[in-house]
Structure formats: structure tokens, C-alpha cells
Amino acid sequence: MSGSFNDENKASIETIAVHAGEYIDPATRSSSPNLVMSATFAPTAVASFSALELGGYNGHVYGRVSSPTVQQLEEKLAALDGAETCRVFASGIAAAHALIMSRLSSGDHLIFPEVTYVGTAEFARNTLPRFGVEVTFVDTADLQAVEDAIRPNTKMVWLETPANPTMKLADVEAVAALAHSKGVRDVAVDATFCSPIGMRPLELGCDFVVHSLTKYINGHGDAMGGAVLGRKDDMDKMSMEATVHYGGILSPFNAWLILRGAATLPMRMAAHEKSALEVGRFLEGHPAVKRVFYPGLESHPQHDLAKRQMKNFSGMMSFQTHEGGDAIAARMIEELKIVHYAVSLGHHRSLVCWIPSEQILRSTYLFEGDALARWNDYVGDGIFRLSVGVENGADICADLARAL
Ligand SMILES: *Cc1c(COP(=O)(O)O)cnc(C)c1O
């Protein structure tokens, strides 16, 4: 297509982010991507109503199956992650749901991290067992624990690294090699916290990557979305079931917003990292702060793994304070002028929220025995999750100082 970009010339990531999935529109000569909201498309020949019978027809038929703006985003994301194919969904959770439900059946076994984003944790704990999927929760930072959990019916190992909200890492390459050598079919990584700029899990031997596009990839806090990336044959099977039959697809409008956000991902990630390093060092030196968890700091228990595995440490960190978190959180809501006290993360503006352990343990994690001890040892009463935006680092530090 006229003005179309492909990465055969091995363009750098900054160029890929701007140009992949984009082209000069042949009809209008528009330089920026069009927003195509049409829910249906007029076929050039009489076509079947069943997606299962569309066969070789390449055009768009119905918006739930595929549509132009959504496809442009999928092409850009595939190029950013070095994937054969990408499918996007209405949210990060819709993407995780699509992958897990289309790959696992009753009687299959899933290995899941003991600490992840609450939504996926609750889905794995409360929903999957109702459908006969057995789930074992392990500390995926511990390779031996992963190995010990593998059974003959283990079909998938799920990783999330860095983990929300503890910032614990999993060694993606080592877990993928181990799982595959033991006959596990799928290794999937939720890489939302580092984005494709921080890590490209498919190149580390994984089969699938999941992102919440709501976070870094859109990056501006104004659109929700999710993505699954992987090999074409696996993804085609997943798409048929997940997009066509579960239906949690992304709106073209959100695809258009996320397409625009993703174009600046490499430079935004560099800015997030720069400010986060500054904020992390400031917090480490602050008398009110007990401990900071940021993979880019020497103090992170897995800093060596972080340096090996991550090309960018992103803007995500968590920290513990000496004084009770509730009181500080209340002051944050009152005093902060730059950082918003709010959930979500990866936006251009900084966001912070208090996550009390007691609340997490009650609502989400059914910790038993040494899992509880591991959590208390790592996190104590609770942690602040801080998503450092792209504002000036010194300004963010001065703002946080108001509440600490
Ligand atoms: C936010 C988040 C999700 C869920 O994404 P939504 O877009 O909010 O549905 C999944 N995984 C991680 C690590 C997240 O931070």
C-alpha cells in the first residue's frame, strides 16, 4: 500500500513505534490513521454468516471479527513486541480472559503467581475452579517452586513481571525453558508493568504476551484496552473463539486513541525511567520511608535479574513507610498537587495509591502457611504503589515530600 511501512529493513524501535501499522490512506491521502467506526462491511462477493466458514476471504466482514482501525493497532503492537500476531480486547482483563479460557479446558492445570494484579488473581482463584481448571499458586520468583508445581496435566504457566504491586520479578527465560522442558505447552507473561520497551517476552522463549493497553501503551489515561500477542497459528485459534464467540473486542475509537498513544511509547518509557530513578533515590533517602521496591535501584532484591532481563525499568515502584499508610494516604489526597491519588498506572501523569495488606489478604489472596509469611516479610502492613509519570523528577519529589 502507498506509504506503508514494514520492518523488514530492521528499523529501530522508535521508528517502528511511529510507523508500524500506519500508512498513507490511498483514498484520501490522509497521513494520520483514519477512525473507521463501521460495524459492518459490504463484501465484494456473497459471504457466509459464520466466521468458521469465512475461509480465505481477506476483507473485513463484521466489526467483532476485524475492522480497519483495530487492525492497524494490532499491527503496530505486533511490531513493538516482535510478535507474529496480535489481537486486542476491551481491557487487559478481557485479554487475559480470552487467552486463558481459549487455551484451558476442564481438567487442565494452571500454575499462577501467588501475587499478581488483583483482577487476574481473583479470576484465577474464584472463576477458573468453577470451570474445572485446577490452579496452583506459587512464588514464581522461585524456580524450584515452579518446577515442583508442574504436573502431567499442567498446560500453562502464567507469569507477571514485575508483579503488581510487589515489584517482584520472575526470570522469564528460565521459567519458559524449565516449563517447556517438562512438557508444559504454554508460558504466558503479563508484561503490563514493563511494556514492550522494557522486555519482549516472546524473544525470551514465551508463547504469549498479555498487556493492559490502559497502562503504558496508551499512556494517557483516556482509553482502556488489552492485547494478546503470540504465534500466528496459536493466535488464529484463540481469535476465532475469543473475539468471535466471547466478544470482548476493542472499540475502534479506543484503538484509534491507543494507536496514537503507542507511537510515543519508546520516548515516554525513557522519560518514565529517568523520573522514576530520581524519585526512587529520593524516597530511599527520605526518613519517613522504610523500603523502596524499584527494579532499577541497587536495593531491589532482584536487581541483577532486572538488569539482565529489562531494557527499561519503567516508572512503576512501590514503597513502605514507617508511619501508618492510612494517615499518609489521607494526607496525599489533601496535599498532592501533581501526583494524583488514584488507581491505574502507566499514564503520563503520576499516580499513587495505598494498598493495605489486610485488605488484599481478605479480598483476594487466600494465603496459607509460608505464602503469608513471604508476603509479610516482603511487604509488611501494606505498600504504596507509585506510577511515576513523565513529569520532571524533582517536581514529583517535591510534591511527595508534602505528604510524607
Ligand atoms: C491493570 C492491569 C491489568 C488489567 O488491565 P485492565 O485494562 O484494567 O483490564 C492486568 N494486569 C496488570 C499487571 C495490570 O496492571
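Okay, so the chain has 15 helices and 12 strands, where helices are DSSP runs of H or I with at least four residues, strands are E runs of at least two, and both are numbered from the N terminus. The radius of gyration is 21 Å, close to the 22 Å from the globule rule for 404 residues, so the chain is as compact as a globular protein of that length. That radius is taken over C-alpha atoms, and the rule is 2.2 Å times the number of residues to the power 0.38.

Before I go on: this is a predicted model, with pLDDT of at least 70 needed for local features and 80 or more for side-chain atom pairs, while totals for chains, interfaces and linings use all residues. Numbering starts from 1 along each chain as its sequence is written, and side-chain values use heavy atoms, leaving out hydrogens and water.

The C-alpha trace spans about 70 × 50 × 35 Å along its principal axes. Of the 404 residues, 56% are buried, meaning under 20% relative accessible area with a 1.4 Å probe, protein chains only. Take contacts (heavy atoms within 4.5 Å) between residues at least 6 apart in sequence: 72% join residues at least 24 apart.

Now, helix α15, residues 393-403. Which of its residues are buried? They're G393, I396, C397, D399, L400 and A403. They sit on the same side of α15, because their arc around the axis is only 165°, going by directions from the helix axis to the C-beta atoms. And what covers them? The cover includes α10 (265-284), α12 (325-335) and β12 (382-387).

How values were computed. Buried means under 20% relative accessible area, exposed over 50%, partly exposed in between (1.4 Å probe, protein chains only).
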